[in-house]
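User: Could you take me through this structure? I would like to ask about a few places in turn.

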Amino acid sequence: MTNSRLTYREAVREALREALARDKRVFLMGEDVNRYGGAYACSLGLPAEFGDERVRDAPLSESAFVGAGIGAALGGMRPIVEIMTINFSLLALDQIVNSAATLRHMSGGQFSVPIVIRMATGAGRQLAAQHSHSLEGWYGHIPGIRVLAPATVADARRMLWPALEDPDPVIIMEHATLYNDEDELPADGDMSVDITKAATRRQGSDVTVIAHSACVKKALNAAEMLVGEGIDCEVIDLRILRPLDDETIIASVRKTHRAVVVDEAWRSGSLAAEISSRITEQAFYDLDAPVERVCGAEVPIPYPKHLEQAALPQPQSIAAAVRKAMRR
Amino acid sequence: MRNIADDRVHLTREHAVELLRQMTRVRRFEEKCAELYTQEKIRGFLHLYIGEEANAVGVISTLTGDEAIVATYREHGHALVRGLPMNEVMAEMFGKAVGSSRGRGGSMHIFSAHHRFFGGNAIVAGGLPLAVGLALADKMLGIERATCCFFGEGAAAEGEFHESLNLAALWHLPVLFVCENNFYAMGTALARSQSNPSISARAAVYGIASEAVDGMNVVDVEAAARRAVHAVRRGEGPRFIETKTYRFRAHSMFDPDLYREKAEIETWKKRDPMVLFADWALSAALLNLDDREAIEADVAQEIEAAVAFAEAADFEPVEDLMKDVVSPPSEYIR
Amino acid sequence: MTDAELSDLVARSLYAVAPDIEGEPIDPNKSFRAQFEIDSIDFLNFVISLHQATGVEILERDYPDLQTLSGAVAFLRQRLP
Amino acid sequence: MIEFKMPSLGADMEAATLVEWFKQPGDRVERGDIIALVETQKGAIEIEVFNEGVIGEQRVQPGRKVPVGTVLATILSPAKEPPSRPAATTTEAIEPKAPERRVSIGETPALAAPPRLRITPAARRRSADLGISPERLSPGPDGIIGLEQVPSGVEREPGLERAPRSRGAGLDLDEMRKAIGAAMVRSHRDIPHYWVVHAIDATPVFEWLEKQNALRPIERRLLYVAPLMRAVALAMKQVPELNGHYEEGVFRPSPAVHMGLATALRGGGLIAPAIRDADSKSVDELMSAIADLVPRARLGRLRSSEMTDGTVTLSNLGEGNADSVFPLIYPPQVAIVGCGAATLRPWIAGDVVAVRRVVHVTLGGDHRVSHGRHAAQFLTRLSELLAHPEAL
């Protein structure tokens with residue numbers, strides 16, 4: 001048994017391949033998933049293996065093909081719908097919020113919608129204000145769906161199958177800057193992952209840094225920067241944006257007494273706001289400093305690199321927030 | 001001044017030079033952009049219009065300067081033809097503060113209030129409802145002019161396309177819809193995404209007079225646009241033009257173009273709109289070879305100056321990051 | 001430390017635990033209890049205050065020596081190096 | 001909109017003078033915030049709010065005496081009602097009429113909140129666990145008390161109080177005596193008292209204290225009143241008929257023992273602020289609470305809840321020479337424990353006469369609620385508890 005080195009992109013592709021191979025009901029549908037190979041090349045090569053029916057190009061009709069995915073799930077299929085970017089998912093928001101998330105409840109539990117919707121999210125590639133946003137917090141607001149945010153190659157590889165096993169809609173957020181990340185995975189090791197638990201990526205005793213998606217790496221970088229200053233950060237990768245794993249977060253804060261929440265999205269009404277609020281609700285008397293937040297600047301993402309980077313959380317700004325929490 | 005009420009194309013020597021000059025500006029500008037992209041001067045997505053120049057040039061030559069244009073993320077050509085200074089467009093590609101959108105938008109989001117150029121929309125079909133609204137405003141304010149909306153055939157799959165056409169027809173609004181059908185919505189061929197490959201037929205079902213033309217022939221495009229825009233201005237409601245065209249380049253810079261046959265691309269390149277028009281105009285003695293050389297020399301100079309201008313310009317300081325999210329209080333409408 | 005300084009220190013310690021008498025003159029030979037109704041709680045706080053200001057260890061059996069201003073000054077003079 | 005009224009801080013309080021506002025129009029207030037200082041017959045008391053919101057209008061200005069129930073200020077719910085502009089001060093003193101007014105939509109400038117101890121929740125909890133009053137901790141260089149500023153090994157650190165804030169008004173001793181007089185008149189008139197006295201050998205307590213204090217650093221030394229209060233609280237738990245409030249013909253026993261401690265004020269006067277949950281506090285915690293409460297009582301810096309929460313009162317004359325005391329119950333309570341001085345007396349121990357430190361403990365009870373048997377139960381239990389102070 002040897003380890004294989006693969007990129008996040010390849011990990012997503014392998015996960016798709018596994019799903020398509022394991023279950024005949026699974027099919028992939030979305031814009032440019034077939035001939036083009038996927039906007040982020042995640043499905044490159046899959047049409048040759050599984051055919052045009054199961055790797056299905058859809059017209060630029062987000063509302064219709066996401067809705068059709070929901071219908072197909074109701075009808076007994078296990079669709080994986082790819083939306084090119086989270087900004088485009090707004091065109092399908094009606095189907096996701098008003099249908100996928102509500103059908104189970106408003107039918108009194110008669111129907112479930114076992115659909116998986118994948119989309120690329122996030123900034124960092126100078127794609128300006130209509131291709132760069134982090135709206136996953138909005139999805140995290142909606143009851144009736146599960147929202148996953150794989151931050152590592154391993155999670156990108158492992159989260160799809162349990163997502164398909166979930167009888168309810170699951171949205172997988174893939175940060176567009178992660179696709180080229182590389183890591184080693186056991187070639188045929190354990191592929192299971194618990195899609196209800198956050199992951200502690202670094203143990204520490206002084207402050208809990210809570211991040212997700214592309215910000216996990218930045219948080220880990222910040223943690224390394226702070227070692228020299230004698231600050232020992234614990235870094236939690238949320239992984240699941242809905243429902244949030246309060247237990248892991250609160251247990252860590254109880255230990256460290258300090259929390260910094262990192263979120264690429266805008267601060268107001270953000271996931272970071274929710275997490276901060278839960279910490280104060282559940283661990284107020286354990287806190288030795290106000291909960292700090294490092295969020296995206298409240299501006300549509302600008303095109304020039306220096307402004308875009310200035311608008312996003314960075315290891316330096318995370319480190320600064322940690323120092324503040326430490327009252328240094 | 002051309003008579004804007006005249007449906008015919010008056011191909012004077014002057015006008016022919018102008019058509020070729022505009023197509024050349026767009027073509028050479030974008031070729032330069034591709035180069036600058038590889039040098040990392042331009043970043044983000046860069047969607048080139050090369051091959052499709054006849055559409056913007058043909059249509060926009062029929063519009064008055066105050067008639068609004070709504071375009072897509074493949075809009076450098078439309079901006080230049082509309083009259084946005086090349087310096088500012090190039091500076092925008094660089095993300096510089098003197099760019100037409102202060103550098104905030106980049107390639108996909110070129111805007112100019114002065115030129116009534118409403119961008120620069122990177123959400124497919126996102127511009128159609130805006131154009132309908134601009135036309136609605138004109139109608140309600142009693143201003144007799146057209147609003148011109150460019151989009152690709154990929155947009156015809158979106159709900160917003162259908163909803164907008166219906167609204168424009170229902171309310172009899174002065175919109176000229178121009179569908180630049182280059183046969184590929186990113187990597188998806190028309191036949192793989194449309195049950196009925198005729199886009200203009202869709203407009204017809206909403207009761208909008210529509211016409212399909214050869215988008216590689218600038219004279220045909222201009223003639224069709226002239227007829228349509230005059231009808232719109234006369235208050236006959238919206239019109240729809242489908243131009244059949246082709247992009248010679250891939251969808252964006254980072255596109256291996258796996259979905260098109262090389263032979264297909266070569267076949268279309270034989271119908272290069274610049275070559276087609278120049279050859280025809282030369283043979284009709286509307287132009288001579290010197291004209292063509294002079295145009296190329298002028299354009300090269302303009303581009304060189306634009307690159308120098310963009311290079312020399314400053315980036316906006318980081319302290320200004322939060323600018324222009326909402327209006328400053330002094331601009332509040334009272 | 002001179003006796004005047006010690007006297008000042010004792011007075012300040014007393015005022016600190018009973019700010020409502022701050023500034024009132026202290027009869028050096030009359031017990032604090034008799035003068036100011038200093039009770040056991042005030043007195044304990046006063047002793048703690050003296051200890052913290054001077055570092056001098058004070059045992060319970062020393063308490064009787066500290067009941068008056070002059071007694072406290074004498075006690076400190078003896079214990080301070 | 002909520003009307004914040006002059007609270008009734010005791011059955012005997014009829015009116016009070018507003019001394020100082022701590023919150024201004026536009027300030028946010030939360031349940032439990034101290035909003036103002038009022039001068040009652042019993043001294044200056046900080047009064048707290050029980051709603052959250054934003055201070056709208058202050059209807060009473062400092063210096064004015066108003067009856068209980070007078071609207072002092074309005075509190076607006078934070079989101080819905082922006083505060084109106086402060087209205088002019090009413091001039092009617094005792095019976096202010098709420099002026100007719102419309103709530104106008106406007107904004108009041110946010111005024112700076114009064115200074116408050118800047119301490120983190122974790123530090124506050126740890127200091128409470130250790131029995132350290134946060135006021136005694138020195139903040140870090142940023143002015144904040146965090147976990148780092150709380151000593152981890154020491155259990156209690158009594159010491160110098162921080163310099164108290166100026167009271168804003170002197171104790172009105174005459175008013176206070178009048179109030180005590182009124183309460184005692186009512187107590188004497190309305191409560192059918194009975195008293196039961198029991199002599200208790202407190203020698204073990206003093207011996208235990210001596211040993212304890214010899215081992216303890218000066219800051220952690222105990223006073224006799226601490227184990228005494230602990231024993232009284234535990235004994236009270238055994239006899240619910242003695243612990244609670246009697247109001248409007250109904251007795252409501254209290255599940256917890258909130259122990260009023262009769263505290264003599266310099267220059268005369270008596271006040272009995274309560275230590276909450278005295279039955280669940282250790283001797284050390286009680287010592288810490290007493291050391292905190294008594295100086296504050298003398299400064300008139302009490303929370304209103306401390307004036308009203310007591311369910312039973314302890315009156316300890318331990319420092320004087322009186323043999324015993326027959327105290328009057330503080331209404332609406334139903335019992336009071338009076339302890340005479342602990343003095344050396346001949347004592348029959350087995351079949352020999354020994355010299356012991358003896359205290360006469362009196363239980364005064366309300367006959368409407370309890371009778372002699374209850375008192376005897378209590379005193380017997382108390383005696384047992386004081387025999388084994390190490391077990392307290």
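Analyst: The answers below begin with conventions and then turn to individual chains and residues.

User: What kind of model is this, and how are residues and chains labelled?
Analyst: This is a predicted model, in which local features need pLDDT of at least 70 and side-chain atom pairs count only at pLDDT 80 or more, while totals for chains, interfaces and linings use all residues. Residues are numbered from 1 along each chain as its sequence is written, and chains are lettered from A and ligands numbered from 1 in the order in which they are written.

User: How many helices and strands does chain A have?
Analyst: Chain A has 13 helices and 14 strands. Helices (H or I, at least four residues) and strands (E, at least two) are DSSP runs, numbered from the N terminus.

User: What percentage of chain A is buried?
Analyst: Of its 328 residues, 59% count as buried. A residue is buried if 20 or more other C-beta atoms lie within 10 Å of its own, exposed if 12 or fewer, and partly exposed in between, with C-beta atoms placed from the backbone.

User: And what share of the contacts in chain A is between residues 24 or more positions apart?
Analyst: Among contacts with a separation of 6 or more, such pairs account for 78%. Two residues are in contact if their C-beta atoms, placed from the backbone, lie within 7 Å.

User: Which residues touch the most other members of the largest nonpolar core?
Analyst: They are A:V209, A:A219, A:V260, A:V322 and B:C149, in a core of 223 residues. A nonpolar core is a set of buried Ala, Val, Leu, Ile, Met, Phe, Trp, Tyr and Cys residues joined through C-beta atoms within 7 Å. Leaving aside residues up to four places away in sequence, A:V209 touches several residues, including A:C233, A:E234, A:V262 and A:I318. A second, separate core has 101 residues, among them C:V47, D:V49, D:I290 and D:M307.

User: Now the helices. How do α1 and α2 of chain B cross?
Analyst: The axes of α1(B) (residues 13-38) and α2(B) (residues 53-60) come within 9 Å and cross at roughly 135 degrees. Axes are lines fitted to C-alpha atoms, for helices over the stretch in contact, and angles run from 0 to 180 degrees between N-to-C directions. The two helices are therefore oblique to each other; angles under 35 degrees count as roughly parallel, over 145 as roughly antiparallel, 65 to 115 as roughly perpendicular and the rest as oblique.

User: Which residues make that contact?
Analyst: From α1(B) they are B:L19, B:Q22, B:M23, B:V26 and B:R27, and from α2(B) they are B:E53, B:A54, B:A56 and B:V57. By class they divide into six nonpolar, one polar and two charged. Ala, Val, Leu, Ile, Met, Phe, Trp, Tyr, Cys and Pro count as nonpolar, Asp, Glu, Lys and Arg as charged, and the others, Gly among them, as polar.

User: Why is α2(B) described as largely enclosed?
Analyst: Eight of the eight residues of α2(B) are buried, so the helix is largely enclosed by the rest of the structure. B:N55 and B:G58 are among the buried residues.

User: Switching to interfaces, how many residues of chains A and B are in contact?
Analyst: Chain A contributes 30 residues and chain B 33. On the side of chain A, helix α12 (residues 305-311) gives the largest share, five residues. That side has 15 nonpolar, eight polar and seven charged residues.

User: And how many do chains C and D give to their contact?
Analyst: Chain C gives 20 residues and chain D gives 20 residues. On the side of chain C, α1 (3-17) and α3 (40-54) each give two or more residues, and α3(C) gives the most, with nine.

User: Where are there cis peptide bonds?
Analyst: One joins A:R242 and A:P243, with omega about -10 degrees, and another joins D:P331 and D:P332, with omega about 5 degrees. A:P243 is in the loop between β12 (240-242) and α10 (246-256) of chain A. D:P332 is in the loop between β17 (312-316) and β18 (335-339) of chain D.

User: Last one: is A:H257 buried or exposed?
Analyst: A:H257 counts as buried, because 24 C-beta neighbours lie inside 10 Å. Its phi is near 70 degrees, a positive value in a residue other than glycine. A:R327 also has positive phi, near 55 degrees, but is partly exposed, with 15 other C-beta atoms within 10 Å.
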